[in-house]
Amino acid sequence: MSVTGPLTSRRATRLLETEPLQGRDEDAVASADYSSMLSEEEKEELKAELVQLEDEITTLRQVLSAKERHLVEIKQKLGMNLMNELKQNFSKSWHDMQTTTAYKKTHETLSHAGQKATAAFSNVGTAISKKFGDMSLSCVTQDK
């Protein structure tokens, strides 16, 4: 769609306003003076729309702020605070992780390895004890 000459159609102006601007386009729009292309009536309409949008934005900010305060009040009444939320999130994450197949396999493997290591240390301990026992018997029989 090509628009040439001054913009007189309100619909054409609306279509142009909704197209996203990027990089160089934003710079060109910022430095361009479109006010000479607009009639006095269009300028007044745009000024009124600008005031209305600013009012709506202010109202939305106030509503958001009130809702955030209300959210904090509800959380306080429920005993929810940042620390509790962190604990709950950590507990849920830990539980979710423990239920994964990878965790279960790793836990199984490490548990099995731990059992083997315990058995190996026990065998080494038994062998050392036996060796010390043999050495002490050897010393006792040599003394006689």
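## A friendly first look at this helical chain

Of the 144 residues in the protein chain, 3% count as buried, where buried means under 20% relative accessible area, exposed over 50% and partly exposed in between (1.4 Å probe, protein chains only). This is a predicted model, in which local features need pLDDT of at least 70, side-chain atom pairs count only at pLDDT 80 or more, and totals for chains, interfaces and linings use all residues. Residues are numbered from 1 along each chain as its sequence is written, and side-chain values use heavy atoms, with hydrogens and water left out.

**Overall build**

- The protein chain contains 5 helices and 0 strands, counted as DSSP runs (helices H or I, at least four residues; strands E, at least two) and numbered from the N terminus.
- Along the sequence, the pattern reads α-α-α-α-α.

**Helix H3 and what follows**

- Helix H3 covers residues 40-77, which is 38 residues.
- From first C-alpha to last, H3 reaches 56 Å, close to the 56 Å expected (1.5 Å times one less than its number of residues).
- Just after H3, glycine 79 takes a positive phi of about 75°.

**The aromatic pair**

- Searching the whole structure turns up 1 aromatic pair, meaning rings of Phe, Tyr and Trp (its six-membered ring) with centres within 6.5 Å.
- Tryptophan 94 and tyrosine 103 have ring centres 6.1 Å apart and planes at 75°, so the pair is edge-to-face (planes over 60 degrees apart; under 30 counts as stacked, the rest as tilted).
- Tryptophan 94 is partly exposed, at 42% relative accessible area, and tyrosine 103 is partly exposed at 25%.
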